[in-house]
Amino acid sequence: MSYARITGTGSYLPEKVLTNHDLEQMVETNDQWIRERTGIEKRHIAADDQTTCDLAEQAARRALEAAGRSPDDIDLIIVATTTPDRVFPSTACLVQQRLDIHGCAAFDIQAVCTGFVYALGVADKFIRTGAAKCALVIGAETLSRIIDWTDRSTCVLFGDGAGAVILEASEEPGILSTHLHADGNYESLLTVNVGVSSNFDALVRGEAYIHMKGNEVFRMAVNTLGRIVDETLEANHMTQADVDWLIPHQANIRIINATARKLNMPPERVVVTVDQHGNTSAASVPMALDVAVRDGRIQRGETLLMEAFGGGFTWGSALLKF
Ligand code: ACO
């Protein structure tokens, strides 16, 4: 049986850094509140002329280099994003053009913070069925563009960035299973309530902002992530002890710690970047993976558990041998 295996990772953060102290000058907040409630110290913000595609391209080039692959090898491109450059073409098509790749399938996936896990699940199926051999899977966001910078309850949480992996067909185990879920009943708890075919006037006025009932999202996230961890381990006849690394979506350190406790995972086995990156939605899991691969923590052959929860609600996980 053929597996899909990650052969290279890459990430990119825009240069501009926004610290909690910078935010103190913008809204009524303080460094201590942000650290205690979220674990965030700073986040990166894209320059005015920098788009999601720009960030995605840089992350993709780094992942290609790490995998020892050239753009010619890629036969599938999936970009997970909530903040695409345009209504169309998809950001995946724009990345394809940047990398001078021609002809392969390229499309975006919109599952907000769970986007990368969704994209990985879809790419895994393409590879397992033989429809693709070498996929470029990206999570990239410029969430700063959909933040109301006068709303302290949301503007302290989010950041921009991109992460990418190269996923290749392999006889050696790679992705063991992915688990994707959604429940649109919760659409109103976490939303940007404007779009092309609804509330378009607000979009034109530049009022496409994230609205979140933080408390309720928090409770749902903790419960749901606990359940998906169980589901993933059971499906693979594994226990917590078989997992070497937890790579969670980086929304809030308290959510991450709750999931880690449920898994009995010691803190040093949990990859945390929320302090440095904030919540970068679809980019957070592949960026965290890349950080821990490049600093030498994650080694080949280790078992990784990725999980994410986001707007929709959507939630999902991936268990894999790295
Ligand atoms: N600075 C200072 N005070 C603040 C700030 C701020 N930035 N923001 C809110 N407060 C105040 C509130 O006004 C409130 O004051 P009050 O008690 O006088 O009314 C108080 O702090 C407590 O507010 P809560 O919302 O109850 O704070 P909570 O502990 O729930 O933390 C947070 C808020 C950090 C947003 C948390 O609820 C959270 O992380 N939620 C989940 C976020 C998440 O996981 N999202 C999913 C992914 S995102 C995606 O899909 C795009």
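This is a predicted model: local features need pLDDT of at least 70, side-chain atom pairs count only at pLDDT 80 or more; totals for chains, interfaces and linings use all residues.

Colleague: OK. What is the strand order in the sheet of 5 strands?

Modeller: The order is β1-β7-β6-β4-β5. That sheet is open, with mixed pairing.

Colleague: Which strands stand at the edges?

Modeller: β1 (3-12) and β5 (105-109). Each has a single partner strand, so one side of each is left without a neighbour in the sheet. On average, neighbouring strands here are turned by 20° against each other, direction ignored.

Colleague: How do β1 and β7 run, parallel or antiparallel?

Modeller: Antiparallel, with 9 bridges joining β1 to β7 (residues 160-170). Within that pairing, Ser11 stands opposite Gly163 in β7.

Colleague: Which strands does helix α3 lie across?

Modeller: Helix α3 (residues 52-67) lies across β1, β4 (76-80), β6 (134-142) and β7. Its direction is at about 125° to β1. Axes are lines fitted to C-alpha atoms, for helices over the stretch in contact, and angles run from 0 to 180 degrees between N-to-C directions. Helix α11 (residues 284-294) lies across β1, β6 and β7, at about 90° to β1.

Colleague: Now the other sheet. What's the order of its 4 strands?

Modeller: β8-β13-β12-β11, again an open sheet with mixed pairing. The edge strands β8 (175-182) and β11 (245-248) each pair on one side only.

Colleague: How many bridges join β11 to β12?

Modeller: There are 4, and the two strands run parallel. Trp245 has Leu304 in β12 as its bridge partner. α5 packs on this sheet as well, touching β8, β12 and β13 (314-321). The direction of α5 makes about 125° with that of β8.

Colleague: Switching to domains. Where are the bounds?

Modeller: Domain 1 is 3-171 and domain 2 is 177-321. Such bounds come from an automatic or database domain assignment. The C-alpha centres of the two domains lie 14 Å apart. Their contact takes 44 residues from domain 1 and 43 residues from domain 2.

Colleague: Which element gives the most on the side of domain 1 that touches domain 2?

Modeller: α5 (115-128), with 7 residues. That side divides into 20 nonpolar, 17 polar and 7 charged residues. In this scheme Ala, Val, Leu, Ile, Met, Phe, Trp, Tyr, Cys and Pro count as nonpolar, Asp, Glu, Lys and Arg as charged, and the others, Gly among them, as polar.

Colleague: And the ligand? How many residues surround it?

Modeller: 24 residues, the closest being Thr29, Gly214, Ala251, Asn252 and Gly310. A residue is near a molecule if its C-beta atom, placed from the backbone, lies within 6 Å of it. Elements giving two or more residues to this shell are α2 (31-38), α6 (152-155), α8 (214-235) and β12 (303-310). α8 has the largest share, 5 residues. By class, the shell has 12 nonpolar, 10 polar and 2 charged residues.

Colleague: Where does the ligand lie relative to the domains?

Modeller: Between domain 1 and domain 2, because both give residues to the shell around the ligand.

Colleague: What about the phi of Asp100?

Modeller: It is positive, about 60°, although Asp100 is not a glycine. Asp100 sits in the loop between α4 and β5. For context, most residues other than glycine have a negative phi, and most peptide bonds are trans.

Note on methods: Residues are numbered from 1 along each chain as its sequence is written. Two strands pair if DSSP finds at least two bridges between them. Two residues are in contact if their C-beta atoms, placed from the backbone, lie within 7 Å.
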